[in-house]
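Please consult the sequence and the structure while reading.

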Amino acid sequence: MNVSIQPDERSRTGSSSAEAQKRALKRNVYELAQERFKIIFETFDNIYLSFSGGKDSGVLLNLLVDYMRRNGITRKIGIFHIDYEIQYSQTLDYVEKILQDNADLLEVYRVCVPFKVQTCTSMHQQYWRPWEDDKKDIWVRKMPKGCLTWKDFPFYNTDMWDYEFQARFAAWIHHKKKAKRTCCIIGIRTQESLNRWRCIYNNPNRFLGKRWIRQWPGGKICNAYPIYDWLTADVWTANGKFGWPYNRLYDLLYMAGVPIESQRVASPFISQAISSLHLYQAIDPYTWGKMVGRVNGVNCAAIYGRTSALGWQNVKLPKGHTWEQYMYFLLSTLPEETRRNYLEKLSVSVRFWREKGGVLADNTISKLQESGISMQVEEKSNYRTTKKPVKMEYLDDISIPEFSQLPSFKRICICILKNDHACKYMGFAPNKMEKTRRKKIMEKYKSLLEKKNGK
C-alpha cells in the first residue's frame, strides 16, 4: 500500500512543526483511516455508512468492520443501501454476502423507494423511477425481503429525487435514534473527480477542523469521508492484503477490457455509464432482457452509446450546417418540455460567459488569442483559483484540446445527443431551483433539531 501519500491534517495545513510533518509522512492511508475511525467513534453516538456495493464503499465497509472487531466495538452501525432495482446480479450477490457475514455489527436500511433517478437513455425522459407500484408487472426483479418502502418514510413525496431522499434520510435516522450527533460515513475519493476533490478541499463547513468531515447546519449531523485520500491502487491492495470480499463484477469488467480506473458500479443510465451499458448483454443477459422493457431507450443507448450518434467520439456536423443551426434542428425533434430545458440552460450559459466570464488557464487564453477570438480577459476572479476570468460570446466551434471548457454551440449539441438533460458536459452544477430546495430542506431540519434539543 502506498505509504508516502497524503500526510495528516497538521502537515497539510502548513504546520510549522517539522517533527509533526515527519511523523505524518510515515503514516500510510490505511493508518490515517484508522485514526479517522477513532475520531468518529469517539465523537458520534449514531453512525451509519452509505453502501452501494461498489469498490469504494465496499473497502470502506470492510475497513470499518475490521476496525470494530479489532477494537472490541460491539455497538451496531447503520448501513444505508439504496436498491435501485436494476443492477448487476454480481453486485446483488456481493451486497447480500457482506451484509449477512457481518449481521452482528450491522443494522441494515435497504431502501426500495420510487424517487426520481436521472436517465440519459431517452430524449423524452429526464428520469425514471425504480420500484414504481404501477409498474410492478415489469420490475426487473422481486423486491427484496425486509426492505423499506416509501410507506416507511413520512417525508417521501413523488417530486423527490434520489439525492434529496439521501439528505432527508440523514435527518430521519437522526430523529429515529434520538441521537445527539449523527455521522454518515461515505466512501468517496478525490481521485475520482474534480467535484469530489472540491467536496473535500473546498469544504467551508468543517467539523472539528477536519476537511474530511462536513457538518450540516446546526452541527448535529455530519458526513465523513475517511478514505478521501486513497488511490484506486490502495483499494485493491487492501482487498488483496487482507483477503476482504469484494464485488466480483470488477473481475468481469477487467476481463471485458474495461480499464481499472474506469470501472464503476452505479446506476446504469447516468451519462458516465452509457458507454458501458452494452456490457450488461454479455455479463448479465437475464437482467439485460428485463432492462430493455423497463426503461425507455435502453437498447438504443446500448447500441449507439459508444458512437457519435449519442455524442461520443467524433461528432460530425451535417454538411451545409453550422453547429448553431444543427442545435436548433436537434431541438426541433424533442418534446416541448425537453426542448425548453436545453434552451434555458443555453440562456444561462450565454449570460454567464457574457457578463461574468469563465476562468481559463493562461495557455488556453493564449490559444484563443492566436485564433483571433474576441474576448475580455480580467485579472482577478472571485473563485479560489489562479486562472483568469474571460468574458466572451458563444462560438460555433473551436479546434483546441480545451474545447469542452469553452462556450460553443457544438458543446450543447453534444449534450443533446448524449441526452444529458442536466448539461453536466457543459459544466452545469445543480440549478438555482435545486439549490433552493436543498437549502429549504436543511433549514427545516435545522429548526426541528433545535426544537428537539430545547433551543
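How many bridges join β8 to strand β9? Three bridges join the two, and strand β9 (residues 221-224) runs antiparallel to β8. Strands here are DSSP runs of E with at least two residues, helices are runs of H or I with at least four residues, and both are numbered from the N terminus. Two strands count as paired if DSSP finds at least two bridges between them.

The model is predicted: local features need pLDDT of at least 70, side-chain atom pairs count only at pLDDT 80 or more, and totals for chains, interfaces and linings use all residues. Residues are numbered from 1 along each chain as its sequence is written, and side-chain values use heavy atoms, with hydrogens and water left out.

**Overall picture**

The protein has 455 residues, of which 50% are buried (under 20% relative accessible area, with a 1.4 Å probe and protein chains only). It contains 17 helices and 12 strands. The mean pLDDT, the predictor's confidence in each residue from 0 to 100, is 83, and 81% of the residues reach 70 or more. Over residues 1-17, pLDDT stays under 50.

| Hairpin | Residues between the strands | Turn residue with positive phi |
|---|---|---|
| β7 and β8 | two residues | Leu208, about 60° |
| β8 and β9 | five residues | Gly218, about 100° |

Arg214 in β8 stands opposite Arg206, and Arg214 also stands opposite Asn223 in β9.

**A three-stranded sheet**

An open sheet has the strand order β10-β12-β11, with antiparallel pairing. Strands β10 (358-360) and β11 (376-377) stand at the edges with a single partner strand each, so one side of each is left without a neighbour in the sheet. Three bridges join β10 to strand β12 (residues 388-391), and Leu360 stands opposite Lys388 in β12.

Two helices pack on this sheet. Helix α14 (residues 336-356) touches β10 and β12, and its direction makes about 115° with that of β12. Helix α15 (residues 362-370) touches β10, β11 and β12, and its direction makes about 100° with that of β10. Touching means a contact, with heavy atoms within 4.5 Å; the angles run from 0 to 180 degrees between N-to-C directions of axes fitted to C-alpha atoms, for helices over the stretch in contact.
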